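Biologist: I have a model open and would like to learn to read it. Can we go feature by feature?

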Amino acid sequence: MSRPDYLFDTADMAERRRLDAHAELWDPFTFRILEATGVTAGWRCLEVGAGTGTVATWLHERVGQHGMVVATDIETRWLEPMAATNLVVRHHNVDADPLDANGYDLIHARLVLEHLPQREAVVAKLAAALRPGGWLVVQDYDIRTMAVAEPPHDGWQACAHAMPAMMQSAGTDPLCGSQLVGLLRRAGLVDITAEGHLRSLPIPDLAEVFRAPLEALRPALTSSGAVTTDQVESALAAFEDDTRSTTTYTPILVAASGRRAT
């Protein structure tokens, strides 16, 4: 099932490959951030927008047989095979469906809030679902670093500069990572910290993650006049460059953590 304002078909196999590529790129950073919360045996955890389940699986291993992980998404087909007694898979739309109050020691959402226009209300809902002393960890992109290319690449950089406005008009805020600390603070959380992570990689190494968004926005980019057709085609061709001669930065994945006061 797809959200009407979501850029991708969540049930498509190409989307499965995109989600797997995201996991490969970001899981080590995510696991380090989650480990810092002290998550351990017996904790009750909620993984929002669980995708293909790599983070839910990691949490399941950490909390053990006496803990519980609830993995939710608007598309659960990738999660259902991993369901277990203490790994519950649940179809759930976090901006519309209720959550149990005071239910979780840890709630995590990666690359979820940037797709939700009502993210302020969603963060308040997630904070209310924490047990006293529980942790909320949210991770989202700030994509402005993708406008850097070495050596300079006109098509890539033109598209990277234009993408934030195009994505915002399509219902996604790719600068959401820069807003996370304020969102957690306004939700009443304490002990808030934030950390960003990015990598420099040849553009072809990012094809599985970022080709689909660029292709989805190609008509809007060219019709807006922000970039030319040639520039978009040049940027897409960079994903196929066998010489791997042009590098760029990934977006900054910002991880913000906050604790519900005891």
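Biologist: Which strands does helix H2 lie across?
Modeller: Contact means heavy atoms within 4.5 Å. Helices (H or I, at least four residues) and strands (E, at least two) are DSSP runs, numbered from the N terminus. Here H2 (residues 54-63) lies across E1 (44-48), E2, E3 and E4. Angles run from 0 to 180 degrees between N-to-C directions, with axes as lines fitted to C-alpha atoms, for helices over the stretch in contact. H2 runs at about 170° to E2.

Biologist: What should I know about the numbering and the model?
Modeller: This is a predicted model, and residues are numbered from 1 along each chain as its sequence is written. Local features need pLDDT of at least 70, side-chain atom pairs count only at pLDDT 80 or more, totals for chains, interfaces and linings use all residues, and side-chain values use heavy atoms, with hydrogens and water left out.

Biologist: In what order do the strands of the sheet stand?
Modeller: Two strands pair if DSSP finds at least two bridges between them. In this model, 7 strands form an open sheet, ordered E3-E2-E1-E4-E5-E10-E7, with mixed pairing. E3 (87-91) and E7 (190-197) are the edges; each has a single partner strand, so one side of each lacks a neighbour in the sheet. From one strand to the next, the twist averages 15°.

Biologist: How many bridges join E2 to E3, and do they run parallel or antiparallel?
Modeller: E2 (residues 68-73) and E3 run parallel, joined by 5 bridges. Ala 71 stands opposite Val 89 in E3.

Biologist: And E10?
Modeller: E10 runs antiparallel to E5, with 8 bridges. Gly 196 has Val 254 of E10 as its bridge partner.

Biologist: How much of E10 is buried?
Modeller: Buried means under 20% relative accessible area, exposed over 50%, partly exposed in between (1.4 Å probe, protein chains only). By that rule, 6 of the 8 residues of E10 are buried.

Biologist: Where does Arg 16 sit, and what does it touch?
Modeller: Arg 16 lies in H1 (residues 13-35). Its relative accessible area is 24%, so Arg 16 is partly exposed. Leaving out residues up to four places away in sequence, Arg 16 touches Thr 52 and Trp 78.

Biologist: How do I check a helix such as H4?
Modeller: Compare its length with expectation: 1.5 Å times one less than its number of residues. H4 (residues 154-169) has 16 residues and should span 22 Å; its end C-alpha atoms are 23 Å apart, which agrees. Then look for bends, each the angle between axes fitted to the seven residues ending at a residue and the seven starting there. H4 has a kink of about 40° at Met 163, shortly before Pro 164.

Biologist: What covers the buried residues of H4?
Modeller: The cover includes E6 (149-150), H6 (207-224), H7 (229-238) and E9 (247-249). Among the residues covered are Trp 156, Cys 159 and Met 163. After H4 comes Gly 171, with a positive phi near 100°.

Biologist: How many disulfides are there?
Modeller: A disulfide is a covalent bond between the sulfur atoms of two cysteines. The search criterion is a pair of cysteine sulfur atoms within 2.5 Å. Across the whole structure, 0 are found. Cys 45 is buried, at 0% relative accessible area. Cys 159 is buried too, at 3%.
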